[in-house]
Amino acid sequence: MNDLDAIVAQAQAELSTAATPADLENAKARFLGKSGRITELMKGMGALSVDEKKTRGAAINQAKQAIEAALNASRQALANAELALQLKAEALDVSLPGRQRGAGGLHPVSRTLERIEAIFASMGFDVADGPEIESDWHSFTSLNNPPNHPARSMQDTFYVDIQGEDGIAYNLRPHTSPMQVRYAHQHVARHAAAFAAAAADTTGTLKAPEIRVIAPGRTYRIDSDATHSPMFHQCEGLWLGENVSFKDLKVVFTDFCRRFFESDDLVLRFRPSFFPFTEPSAEVDIQFQSGPLAGRWLEVAGSGQVHPNVVRNMGLDPERVIGFAFGMGPDRLTMLRYGVSDLRQFFDGDLRFLSQFQ
Ligand code: PHE
């Protein structure tokens, strides 16, 4: 083996074992670089005769080409290896099962609220929404329950660290009853012309627009046990007109309960009670005549004829406008409908419990 063959063999060996592109470039420099082995041989040719230069030059060139070929082959091999690694790293296993995106479902209390809304909508009731952080006037005073009234201690109210215009702290509404007054104000403003025309009519033929609304939503009290949660739901109902009586309350609420529970086998009892904003007032109890709850009286709502002071606070004339209100507990209705014994389960967010209602 002459000197050139030995250099080519060594170059091929070093180029083919280079593990990285940097190693490869270093190996290339050792042979083809400025002071590489081949370059040094070229420089050494100055001393040779013309004929010797020809043959020696051709031989060196051949060696150089052999090394360049080896270099290109190694470059290609390194690039192929890198691509193979990248493909492996980015490989998709198309046989893996996809990430499940479970179909969600409505919360059982939401189902109840939807049922309540649908049933009352079919009886001509509007559905209204209102704030959960409420002024003292709306939660209490407007409802005939002024500061220092003993009935205020019927509820353990959460107060919020925000002062109202009256200097009294805002509260997390302990019931949906403030919506009676809020909705009435909106309604009177919306139908101002019709109210004015009815008020001005001395013949008594023009009637003021009726108010017929339910207001479902979240309510708050400092209360927590198997049947009470600090956050719970209520649904207020209000029907005011020129001639809306306790009889209408009984008809509407009985019809609602029978439709809600899909049972005519159900009786209601209006048990005398007290609320500052209704007079007379009654708790509504229901009793199933068959099934697992048969024979027990179950309290589902407070109710009564709206107190004249409240009608006045709505901006209406209690001499002309009368009617009833009720406030029921959708959480309680949901427990009765599905046979749930601990109310807190509704709000724990445990899917093992909640998915049973889908
Ligand atoms: N707001 C009352 C309560 O929370 C219920 C009620 C509403 C009673 C409307 C009468 C009329 O207990």
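Mentor: Here is the sheet, strand by strand, and then the helices on it.

This is a predicted model, where local features need pLDDT of at least 70, side-chain atom pairs count only at pLDDT 80 or more, and totals for chains, interfaces and linings use all residues. Residues are numbered from 1 along each chain as its sequence is written, and side-chain values use heavy atoms, with hydrogens and water left out.

Start with the layout. An open sheet is built from 7 strands, in the order β1-β5-β6-β10-β9-β8-β7, with mixed pairing. Strands here are DSSP runs of E, at least two residues; helices are runs of H or I, at least four residues; both are numbered from the N terminus. Two strands pair if DSSP finds at least two bridges between them. At the edges sit β1 (126–127) and β7 (266–275), each pairing on one side only.

Now take one pair. β5 (residues 211–220) runs antiparallel to β6 (residues 231–241), over 10 bridges. Find R212: W239 in β6 stands opposite.

Next, the helices. α5 (residues 108–122) lies across β1, β5, β6 and β10 (322–328), at about 170 degrees to β5. α9 (residues 246–260) also packs on the sheet. This helix touches β6, β7, β8, β9 (298–306) and β10, and its direction makes about 130 degrees with that of β7. Contact means heavy atoms within 4.5 Å. Axes are lines fitted to C-alpha atoms, for helices over the stretch in contact, and angles run from 0 to 180 degrees between N-to-C directions.

Finish in β8 (residues 278–288), which holds P280. A cis peptide bond joins E279 to P280, with omega about -5 degrees.
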